[in-house]
Each structure stands twice: as structure tokens, then as C-alpha cells.
Amino acid sequence: MTIADSAAWRALAAHAEVVRPAHLRQLFAADGQRFERFSLRQDGLLLDFSKQRIDAETLALLHALADAADVEGWKRKMLAGEPINHTEGRAVRHMALRADEREPLEVRVVRERLHNFCESIHSGKWRGFAGEHITDVVNIGIGGSDLGPRMAVRALAGHQLPDLKIHFVANVDGADIAPLLARLNPRTTLFVIASKTFTTLETLTNARTARAWLLAAAGRESAVCQHFVAISTNLELTRQFGIPHNNVFEFWDWVGGRFSLWSAIGLSLALAIGWHQFEQLLGGARAMDRHFLDARAAANLPLTLALLTVWNTDFLGASTAAVLPYSQSLSLLPAYLQQLEMESNGKQTDRDGETVGVATCPVLWGEAGTNGQHSFYQLIHQGGRTIPCDFIALRDSDFPLPGGHHAALLANCLAQSAALAFGQTAAEARAAGVPEALVPYKVFPGNQPSTTLLLPALNPYTLGQLLALYEHKVFCLGVLWNLNSFDQWGVELGKQLASRLTPLLEGSGDDTAFDASTRGLIAALRS
């Protein structure tokens with residue numbers, strides 16, 4: 001039996017037929033306390049979900065669904081270290097990476113090594129082959145080994161140390177690494193190679209290019225150990241590359257890549273903001289962990305976000321969702337959440353090997369406000385699709401300037417969430433003086449569901465809260481849809497085919513095993 005066969009799901013489906021026709025205008029008119037009833041406050045955060053197309057009964061039925069799916073039981077399994085990543089036989093313990101007194105010994109050991117390494121870079125004790133201080137750090141990774149630290153370094157630009165520049169390379173396309181190397185100094189550049197297995201094609205291709213670039217300047221193999229560190233579990237391959245054991249920081253198979261920012265994968269971020277502030281990031285995530293584990297369902301922020309996603313996706317028919325941070329510093333958050341959510345829950349096979357039978361993860365996308373308003377908001381307003389939105393805003397700017405920058409930014413955030421919810425009728429357009437011929441074009445249907453998350457400011461602590469909030473949302477969604485959120489078999493097939501195609505593109509091998517289209521494209525590329 002799938003979750004869609006449960007009594008809780010059927011009750012929601014029947015309820016949706018009643019609620020679906022209601023407009024947010026009606027819901028607000030009927031309840032003067034709607035904001036108070038459908039908002040949550042926790043440790044400085046404010047989550048306003050009053051603009052979601054729900055009523056009190058909806059929320060009660062969604063909580064009944066969480067009970068039926070046994071969200072609390074799955075929390076206990078995760079905390080106990082049970083292999084809830086059942087297809088790979090692994091525990092899911094990313095919360096242990098930011099634990100305090102309960103942290104595993106191996107986490108404490110690696111964290112202390114990371115701390116000491118950061119201090120050696122920041123103090124100038126660690127030097128390059130020519131005896132000069134390190135001025136630039138290049139993180140070479142892909143997926144979770146790139147998106148997390150890249151997003152966080154951008155987000156915390158206002159908290160970065162002044163004497164160290166952090167760069168990121170992910171794409172195997174030479175256009176990613178070549179322009180960067182052209183403007184760096186090999187005598188003062190440190191490379192962080194982030195690959196658990198040290199076999200990732202894109203990462204190792206870029207790492208070898210960086211190694212050759214360094215050796216061309218240094219003229220000796222021994223320089224590698226002064227300019228390369230690795231985040232990996234494969235000590236043999238890192239040694240063959242020229243990175244000694246002391247330059248390798250471990251992380252573990254119970255840490256999924258998209259949940260790994262809190263591990264050694266966060267080294268580039270720790271170098272950017274300093275170890276003390278990196279610990280504040282861990283502290284913010286740890287506070288959200290405690291909230292998620294201890295708060296009752298009605299007050300639980302991650303569970304609330306997950307239940308609203310299920311409601312919008314499976315009962316209101318939304319196939320996409322927009323993440324709209326009104327913060328330029330959070331401009332990479334939508335890309336980060338694309339991997340976190342879609343790689344985790346973009347699946348149709350449940351834990352029992354059966355087809356889920358309902359829509360699961362929506363297509364996630366977004367852009368920083370106000371930029372997106374001059375791009376795709378037109379479609380959200382008048383495109384005829386239901387597109388739930390997460391608005392994220394900061395009470396205080398991380399780059400305060402005179403001239404009204406932040407007030408204008410916040411005004412646009414609040415205006416867009418209100419406009420999407422309530423729209424504009426033909427009568428309102430006429431009352432505003434719109435010429436009759438233009439009235440049909442100035443009608444906005446509204447009724448777009450949205451949530452607004454207000455952070456007091458953007459700093460390491462609140463960023464930790466924010467990212468852990470979405471991590472736990474992903475976990476809850478996996479439980480609600482009965483998915484394993486911690487494997488990603490969907491990325492494997494393309495990798496396997498690419499490894500077979502590479503020799504063909506280089507001029508060797510037999511292409512007869514491939515389809516006519518692929519063979520034709522190979523021939524065109526080789527010609």
C-alpha cells in the first residue's frame with residue numbers, strides 16, 4: 001500500500017475538492033486573525049504561511065498525514081544511526097557534523113585538524129613553494145562538493161576575511177578553470193580538491209590541470225604538497241596525486257554530498273570567514289536541529305514547509321516551486337536548493353520498490369529579488385499556472401547603504417507576495433483609471449500560494465539555521481512520500497554512458513552499440 005492509499009491521504013483529497021475553489025481574498029476576509037494563526041516564530045525567524053491556500057482543517061489533516069507516515073519514528077531511526085539510506089546500507093548522520101557534546105570522536109578529530117589548518121593559512125605559517133603567503137584558495141569539486149561552499153561563501157560575503165580570496169571551479173569545461181588560472185599567481189594559490197572517492201571525472205580533470213599549471217611554475221613535484229589539500233576518503237589515490245596524508249581531510253559515507261557543508265567540505269568557507277564564524281554556522285544549524293527534533297508538529301518549521309509542499313504539489317496540482325530570496329547575497333540559494341531537494345526527492349520509486357503513484361518533488365527554480373521581477377514574475381502573475389513561492393528576506397541588510405536600498409528591496413518583496421496572493425480585479429483596474437481597452441490586460445488572478453521567511457540578518461548563525469531548515473524539510477518530504485531521500489541513482493546512467501563515449505570522441509572504439517542519433521553526433525563532432 002502506498003501513502004496515497006492511506007486514509008489520511010484520502011481525507012486530504014476529499015478536503016481539497018472543497019478548498020481548491022476558495023480564493024485567498026476570501027480566506028483572509030473570513031479570518032481577521034489569519035496571520036497570527038498561520039505564522040510561526042522560532043529563534044529570531046518568522047515563517048508566515050498565511051498566504052498559503054489552506055484553512056485550519058487543511059493543517060489538521062496534513063498533521064494527520066505526518067502521523068500516518070510516522071515522521072517522529074523516522075526521526076528516531078535517523079538519530080539512532082539506523083541505515084535509513086537502505087539502498088546503500090548507510091546511516092544518515094549529517095546532524096552529527098554540527099553536534100556539540102554528542103559529536104562522534106572522528107568528527108571531533110577532523111574538526112580540530114581543520115581548525116589548525118585554517119589557523120596556519122590565516123596566520124601565514126603555511127607558505128607556498130617560493131615562501132610566500134597564500135592569497136587565493138581554489139575549491140575544485142562538483143555537486144555537493146561545490147554548491148554548498150560556493151553558495152555559503154557568496155552568502156557570507158559581508159563576513160569574509162580581507163586577505164584571502166576564495167574561488168570555485170566545478171565544470172569540466174575548460175572555460176571554467178582556464179580564465180581563473182590566467183589571473184592567479186601559482187606561488188600564492190592553494191587548491192582544495194573535494195572528492196570523496198577521488199575519482200570524480202570533472203573534479204580530477206580540473207585537479208590535474210591545476211597540478212600541471214603549478215608544476216610549470218614551480219619546476220618540482222614536491223611543490224604539490226605545499227599547494228594542494230584534499231577532502232577525500234581515498235588516501236591511496238590522493239598519495240599518487242602527490243598530496244600527503246597530512247594534507248587530506250576525511251569525511252564519511254554517512255554524509256551525503258548535498259548535506260556535507262558542515263564537514264571538511266566546508267573548508268573553503270572556513271578559510272573565507274575564519275574558524276570562529278564557521279563554528280557560528282554550525283551553531284545555527286545545531287539550533288535548528290534541536291527545534292526540528294523537539295518541537296511539536298504544529299510549531300515545527302521544517303515539517304510545516306514539507307506539509308505545505310505536499311499540499312501544493314499533490315492536492316493543488318503545482319508542478320514547480322520558486323525560491324525567491326530578496327537578498328543578492330543569497331543569489332545562489334535557489335541553485336543550492338535545486339540539488340538538495342530535487343536530487344533527494346526527485347524519484348518515483350518508494351522504499352518498498354513500488355511506484356509512489358503521486359507527484360513527488362516539484363521542479364525548483366528561482367532568482368534573487370528584485371532581479372527576477374524583471375524576468376519571470378510575469379509568468380507567475382498571469383501565466384495560468386499554480387506556482388508556490390518561498391520569499392526569503394532579511395530585516396537588516398548585510399551591506400547597509402544610505403539612499404533607501406534596503407527599504408526598497410523589502411517593499412518589493414512584500415508587494416510581490418501580496419500581489420501574487422490577491423491579484424487585481426477588472427473593477428479595481430477600472431477604479432485605478434485603466435482605460436477600458438487595457439482592462440483585460442491589467443487583471444491579475446492572484447491566488448498564488450506563498451510563504452515568507454524573515455531572517456533578522458544574514459550572518460553565519462542565521463545561514464546555518466536556514467540551510468538546516470531546508471535539510472529537515474527534505475527529510476520530512478521523503479518520509480511523507482515514502483522515499484529514500486539519501487541516494488541518487490538517477491545520476492549514474494549518464495556518467496556510465498559518458499565514460500564509454502569519451503574514447504569515441506577522441507577517435508578510438510566502436511560506436512555501433514549506440515543509437516543512430518548519437519552515432520551521427522559523434523561523427524559530426526569528430527569531423
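What is the volume of the largest pocket? The views below begin with that pocket.

**View 1. The largest pocket of the predicted model.** The volume of this pocket is about 1,100 Å³, taken as the space filled by probe spheres set on grid points joined across faces, edges and corners. A pocket is an open set of points on a 1 Å grid over the protein atoms alone, where a 1.4 Å probe fits, with protein on both sides within 12 Å along at least five of seven lines; lining residues have an atom within 4 Å of a point. The model is predicted: local features need pLDDT of at least 70, side-chain atom pairs count only at pLDDT 80 or more, and totals for chains, interfaces and linings use all residues. Residues are numbered from 1 along each chain as its sequence is written, and side-chain values use heavy atoms, without hydrogens and water.

**View 2. The lining of the largest pocket.** Of the 40 lining residues, T200, Q488, V491, E492 and K495 lie nearest the centre. Helix α20 gives the most, with 5 residues (helices are DSSP runs of H or I, at least four residues; strands are runs of E, at least two; both are numbered from the N terminus).

**View 3. Strands β8 and β9.** Strand β8 (residues 320-326) runs parallel to β9 (residues 363-366), joined by 4 bridges; pairing requires at least two DSSP bridges. V323 has G366 in β9 as its bridge partner.
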